[in-house]
Amino acid sequence: QVQLIESGGGLVQAGGSLRLSCAASGRTISRYGMGWFRQAPGTEREFVAAISWSGGSVYYADYADSVKGRFTISRDNAKNTVYLQMNSLKPEDTAVYYCAAKSGSYAGTRDYEYDFWGQGTQVTVSS
């Protein structure tokens with residue numbers, strides 16, 4: 001089992017930045033693909049970003065108001081932690097952000113590919 005705990009969420013003004021952290025315990029995540037997803041009220045959970053076990057491959061959501069170019073996913077396997085640096089935040093980025101771990105080195109973009117999930121951290125961006 002892998003336990004994931006997100007932190008770093010909060011209230012920020014539009015244009016601001018936040019850095020989310022996802023600390024893992026129970027197992028080393030060095031052989032897990034890791035991802036970030038988010039869910040706004042009344043919407044389905046959506047993919048944000050993912051990173052392979054080595055950090056050599058990263059993927060970002062490619063939908064309207066995409067996070068690509070504003071968000072950066074990274075990982076520190078020595079610290080068993082994954083990060084999501086969020087810059088130029090917009091009100092539409094407001095959501096609960098979830099960290100997830102996927103068995104195998106591939107970084108998946110679908111939530112059903114992930115085996116372990118954190119409880120989420122709230123990000124609220126005011127206009």
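Modeller: The side chain of Glu6 reaches the backbone nitrogen of Gly120 at 2.9 Å, a polar contact being a pair of N or O atoms within 3.5 Å, where within protein one must be able to donate a hydrogen and the other to accept it, and residues adjacent in sequence count only if both atoms are side-chain atoms. Bear in mind that this is a predicted model, in which local features need pLDDT of at least 70, side-chain atom pairs count only at pLDDT 80 or more, and totals for chains, interfaces and linings use all residues. Residues are numbered from 1 along each chain as its sequence is written, and side-chain values use heavy atoms, with hydrogens and water left out.

Biologist: Which other backbone nitrogen does the Glu6 side chain reach?

Modeller: That of Cys99, at 2.8 Å.

Biologist: And what is the nearest side chain of opposite charge to Glu6?

Modeller: Arg45, 8.5 Å away, and Glu6 has no salt bridge, which would take a side-chain nitrogen of Lys or Arg within 4 Å of a carboxyl oxygen of Asp or Glu.

Biologist: Switching topic, is Phe71 buried or exposed?

Modeller: Phe71 counts as buried because its relative accessibility is 2%, the cut-offs being under 20% relative accessible area for buried, over 50% for exposed and partly exposed in between, with a 1.4 Å probe and protein chains only.

Biologist: What does Phe71 touch?

Modeller: Not counting residues up to four places away in sequence, its contacts (heavy atoms within 4.5 Å) include Arg38, Val48, Tyr60, Leu84, Met86 and Tyr97.

Key. Lys, Arg positive; Asp, Glu negative; His and termini not counted.
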